[in-house]
Amino acid sequence: LIAKADGSKFYFIGSGASGIQSLDSTFTTFSSVNGLPSAANAVAITPDGRYLLIGSSDLYVVDTVSNAILGTGLGLSGTVQSIAVSADSSTAYVLNNLPATSSVVTINLATRSRVGNPLPLPFGGATALAISPTGLLYVSAQNAVYEIDPATMQITTNGTIALNFTPGQLRFVPDGSVAYAVNLGTLGGSIIKITLASRRSEEHTSELQSLAYLVCRLLLEKK
């Protein structure tokens with residue numbers, strides 16, 4: 001479930017190409033978003049509430065007033081993994097995954113067109129993209145986080161933060177100095193804390209262990 005900032009409309013993200021429905025603030029009026037060729041992998045709403053961005057095998061821009069897709073897809077290849085939007089709602093950044101590579105694509109939302117060339121990342125399989133309160137972009141990937149300056153669309157100096165984890169999407173404290181993420185690669189479940197200025201990371205084990213972890217513990221205890 002994702003909401004407009006003013007709470008006037010909500011979008012329920014289900015499965016399949018027709019799995020996205022809008023709901024009014026009272027949750028009594030439903031309307032489908034039609035015309036998607038495949039199920040959504042990623043969604044975002046612009047901070048001004050004007051557009052719903054849907055990522056699947058391409059990126060689609062939906063007018064939140066009419067729930068209509070504006071034009072066609074933007075011609076991205078691969079799979080849209082994650083979407084981030086600038087604070088002024090003018091630009092979208094799209095994490096796009098191909099079988100062996102990942103890249104970040106810049107989209108001008110006013111013209112619904114790509115800007116410049118995609119930024120290729122060092123490895124494929126990136127998991128998420130986020131924009132911090134400072135305006136910098138952060139891509140989560142296996143054993144790394146990449147810090148990107150959206151003004152140049154380049155990884156910043158010392159912007160590759162090495163980890164021994166696979167983080168999900170980063171969530172930031174209000175001043176953008178610290179980020180948190182779920183460790184997607186751990187068996188038992190943990191939270192990663194990253195102090196961005198020092199590039200220091202810490203793993204905090206969750207008290208809520210996964211089912212797989214508990215089963216393994218029971219099997220080991222029986223031996």
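1. Four strands make up an open sheet, arranged in the order 13-14-15-16 with antiparallel pairing. Strand 13 (128-131) and strand 16 (154-162) are at the edges; each has a single partner strand, so one side of each has no neighbour in the sheet. On average, neighbouring strands of this sheet are turned by 20 degrees against each other, direction ignored. Please keep in mind that this is a predicted model.

2. Within that sheet, strand 15 (residues 144-149) and strand 16 run antiparallel and are joined by five bridges. D149 stands opposite Q154 in strand 16.

3. Another antiparallel pairing links strand 11 (residues 102-108) with strand 12 (residues 113-120), again over five bridges. N108 has S113 in strand 12 as its bridge partner.

4. Next, the nonpolar cores. The largest nonpolar core has 16 residues, and L53, L59, I83, V94, I107 and L109 are those with the most contacts inside it. At least two residues of this core come from each of strand 5 (42-45), strand 6 (51-55), strand 7 (59-63), strand 9 (79-85), strand 10 (91-97) and strand 11. Strand 9 gives the largest share, three residues.

5. Which residues does L53 touch, not counting residues up to four places away in sequence? They are A42, V43, A44, L59, Y60, V61, I83, V85, A92 and L109. A second, separate core has 15 residues, including A84, V104, L119 and L137.

6. How many aromatic pairs does a search of the whole structure find? It finds two. One is F10 with F27, a tilted pair at 4.9 Å centre to centre and 45 degrees between the planes. F10 lies in strand 2 (residues 9-13), while F27 is in the loop between strand 3 (20-24) and strand 4 (30-32), so the pair ties together parts 17 residues apart in sequence. F10 counts as buried because its relative accessibility is 17%, under the 20% cut-off. F27, with a relative accessible area of 38%, is partly exposed.

7. Y138 and F172 also form a pair. Their ring centres are 5.6 Å apart and their planes are at 50 degrees, so this pair is tilted. Y138 is in strand 14 (residues 137-141) and F172 in strand 17 (residues 171-172); the pair links distant parts of the chain, 34 residues apart. Y138 is buried, with a relative accessible area of 2%.

Notes. Residues numbered from 1 in each chain as written. Predicted model: local features only at pLDDT ≥ 70, side-chain atom pairs only at ≥ 80, totals over all residues. Heavy atoms only, no water. Pairing = 2+ DSSP bridges. Axes fitted to C-alpha atoms, helices over the stretch in contact; angles between N-to-C directions. Core = buried A, V, L, I, M, F, W, Y, C linked by side-chain atoms within 4.5 Å. Buried < 20%, exposed > 50% of the residue type's maximum accessible area, 1.4 Å probe, protein only. Contact = heavy atoms within 4.5 Å. Phe/Tyr/Trp six-rings, centres within 6.5 Å; stacked < 30°, edge-to-face > 60°.
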